Amino acid sequence: MFRFIIRRLLQLIPTLFGLSVLLFIWLHRLPGGPETAILGERGTPETRAAIRRNLGLDEPILVQYARFLRRMIRLDLGTSTGTKRAVTTEFVERFPGTVELTVMAMILAVGIGIPLGYLAARRRGRFLDHASVGGSLIGICIPVFFLAYVLKAIFAENLGWFPSSGRQDPTIGATRVTNFFVLDGLMTREWDAAADALWHLVLPGVALASIPLAIIVRITRASVLEVLNEDFVRTAEAKGLTERTVRRRHVLRNAMLPVATSIGLQTGLLLSGAVLTETVFAFSGIGAFVAESISQRDYPVLMGFIMIIAVVYVLVNLLVDLSYSVIDPRVRVR
Amino acid sequence: MALLEVDDLSVTFARRGQRTVHAVDGVSFSVDAGEVVGLVGESGCGKSVTSLAIMGLLPKQPGLRVGGKAVFDGTDLLQLDDRSRRDIRGRDVAMIFQDPLSSLNPVIPIGLQVTEVLARHRGMRGEAATREAADLLDRVGIPDPRRRLKEYPHQLSGGMRQRALIAMAVACQPRLLIADEPTTALDVTIQAQILELLKDLVRDSGTALVMITHDLGVVAGMCETINVLYAGRVVETATRRPLFRQPRHPYTEGLLGSVPRLDAGRGERLNPIPGSVRDVLPWPDGCAFAPRCTRRVDACVGEPPELVLTHDARSYRCVNPVPVPGLTPEADTRATAPTTAEPGAVPAQAEPADPPAVPGFGPAPREEETP
């Protein structure tokens, strides 16, 4: 088990290396550079060249890449050309917001999706089944930013049940420890700060959960239907076990394998794809920042972000594989 | 009264826009404590559906209808609600299935799959349950049971898996055991071991055993009374020796004739039954076997054949049965019953003092079999 984890983590090295080469070439082939973003149309060729020299962009690409690698090894992602701050500092401040949002969305998606998918399978062909299958189709089809706007208009602006923007009410004056606001509140026992941060997560969390929820409902339903027809479920029934035991021990556990895979993939997608939701709710996560960086040609931020997402993806999928070996002894790793 | 009396059991699957399928069409048979009864027939004759219907294990689906009675020790299993049925299943009536690998949960250790029955019906927990489970595995011939309890189904061989399934089935000393093709998925040598094990269990505990199989070899080695099924009905009921020595229904004769024999001549061909189970006539239109039957006469078609009870307490459902040498049909037939009566409704070994099992029938004489 331990060796398996180490091996998987070592696989990260070639992955990141290949990715960085690809990104470096690709980013530097883009027309227009940070100097265009900074100076706009006003710049003269001289000022542009000065800025490029300043940022080290006038050097040969190999030299630039070597410098990038040297910094990477020290976990230094360079300085943002947009904000003039260290990229790592920016990420430490902003990434926790997106992680909180993703965790919130996945808790909603898994917590509602698995029971709903299970019930739909058990009541196959009846109202609940049709409703959840149809509903999940709608969930997949509605663009997330549109849903985010609708939720914000109804529940924040009209009804006033939830805050309409931000991660926390600044007037609370919460103490910052990890930049995970909910976690900070719990750690410093500032319960009202934690509750307020949680409250801010609800609407963007619901909006972001819509697609993973729909996918999880469908996968769970299909998987449960398949397992219900398995011979071992009939054996469990033949033993006279209670419905509860049959359901939990024999049906659900076997039906969870494809769902676990999907949860892993969805989590990765949300971490990198929360941009629109964050924008709608003025939620200071990483998504909105990175979107801004693209138009700014802020290479260090983009490189750093994509590298971090790659690491997160590998870690999440490692977790999925480990959960597999907990669920299914046949794929147990040694 | 026998331990299990199945009376006029029928199972139909109705689908919108499709013809209703009569998977089981009025099956009756009975099983006594300590008795081994066989249900024999080709795939699709309704033998598995019969057993699943008795257990209440047919997959719930719209259009499924189960009729008739399956009285176990005075209780009609078909009338029970879900809860009482779960109480009986695994405790009084247990079942062994065909494919041991797919019948075991792949992600749960064997031990839990045994102890969960003990916990459910005998209230055993913890170390007591584990000890009992190890005992059970030992009893069904699994070596090193303590270690096996911690293993998963994929780590066991096919024979071991079937033994483990049998251990789960007999965990609560059920009074009735239904074995649905328990050896079909196994190697021949393992088959013999499993059959031996089942025989021992029946002999030691007095459990009644319903053996469902298409394999006449299994029947010959295990069963005292045999019901031959065709297209959802029992077409012949007899005890072992008479059935093998002198089959009366042409289908039974066909089944026996299609078994390869060592004493046959070298050039002799096998005699398969022509056609397939799909070539059936619906029972109301005549004998379902008529399209494949070599003894077909005009009377076979038109109305379903009556049930014939013979002088030696066998019964068959045929208008032109295989004749017995030296016996006229009149001397042979004791009684006939309309199609509503079923072969098994007349117990093959009824006591002379028994009241008539079917109105209009006298009690059947004792079976004169010298084992």
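Which residues of chain A does UniProt list for "transmembrane region"? The unreviewed entry gives residues 9-27, 101-121, 133-155, 197-217, 257-290 and 302-324 of chain A; UniProt positions follow the numbering used here, feature names are shortened, and annotations may be inferred rather than shown by experiment. This is a predicted model, in which local features need pLDDT of at least 70, side-chain atom pairs count only at pLDDT 80 or more, and totals for chains, interfaces and linings use all residues. Residues are numbered from 1 along each chain as its sequence is written, while chains are lettered from A and ligands numbered from 1 in the order in which they are written.

**Chain A: overall architecture**

- Chain A holds 14 helices and zero strands, where helices (H or I, at least four residues) and strands (E, at least two) are DSSP runs numbered from the N terminus.
- The C-alpha trace of chain A spans about 85 × 55 × 40 Å along its principal axes.
- Of the 334 residues in chain A, 37% are buried; a residue is buried if 20 or more other C-beta atoms lie within 10 Å of its own, exposed if 12 or fewer, and partly exposed in between, with C-beta atoms placed from the backbone.
- Among contacts in chain A between residues at least 6 apart in sequence, 73% join residues at least 24 apart; a contact requires C-beta atoms, placed from the backbone, within 7 Å.

**Chain A: selected segments**

- Residues 133-155 of chain A, listed by UniProt under "transmembrane region", are 91% helix and 0% strand, with end C-alpha atoms 25 Å apart.
- Residues 197-217 of chain A, also in that UniProt list, are 100% helix and 0% strand, and their end C-alpha atoms are 28 Å apart.
- Helix H4 (residues 61-73) of chain A has 13 residues and reaches 19 Å from first to last C-alpha, close to the 18 Å expected at 1.5 Å a residue; the expected span is 1.5 Å times one less than the number of residues.
- Just after H4(A), Leu75(A) adopts a positive phi of about 55°.

**Contact between chains A and B**

- The contact draws 20 residues from chain A and 26 residues from chain B.
- On the side of chain A that touches chain B, helix H10 (231-238) and helix H11 (243-273) each supply at least two residues.
- H10(A) provides the largest share of that side, six residues.
- The residues of this side of chain A comprise five nonpolar, six polar and nine charged; Ala, Val, Leu, Ile, Met, Phe, Trp, Tyr, Cys and Pro count as nonpolar, Asp, Glu, Lys and Arg as charged, and the others, Gly among them, as polar.

**Chain B: annotated domain and strands**

- An unreviewed UniProt entry annotates residues 4-256 of chain B as "domain: ABC transporter"; this span is 39% helix and 26% strand, with end C-alpha atoms 28 Å apart.
- Four strands of chain B form an open sheet in the order E2-E1-E4-E5, with antiparallel pairing; two strands pair if DSSP finds at least two bridges between them.
- Strand E2 (21-31) and strand E5 (75-76) of chain B are at the edges with a single partner strand each, so one side of each has no neighbour in the sheet.
- Eight bridges join strand E1 (residues 4-13) to strand E4 (residues 64-72) of chain B, and Glu5(B) stands opposite Val71(B) in E4(B).

**Chain B: strand E3**

- Strand E3 (residues 36-40) of chain B is largely enclosed by the rest of the structure, because five of its five residues are buried.
- In a regular strand the side chains alternate between the two faces of the sheet.
- Both faces of E3(B) are covered, with Val36(B), Gly38(B) and Val40(B) buried on one side and Val37(B) and Leu39(B) on the other.
- E3(B) pairs in the parallel sense with strand E8 (residues 208-213) of chain B over five bridges, Leu39(B) standing opposite Ile212(B).
- E3(B) also pairs in the parallel sense with strand E9 (residues 225-230) of chain B over four bridges, and Ile226(B) is the bridge partner of Gly38(B).

Definitions and conventions: Two residues are in contact if their C-beta atoms, placed from the backbone, lie within 7 Å.
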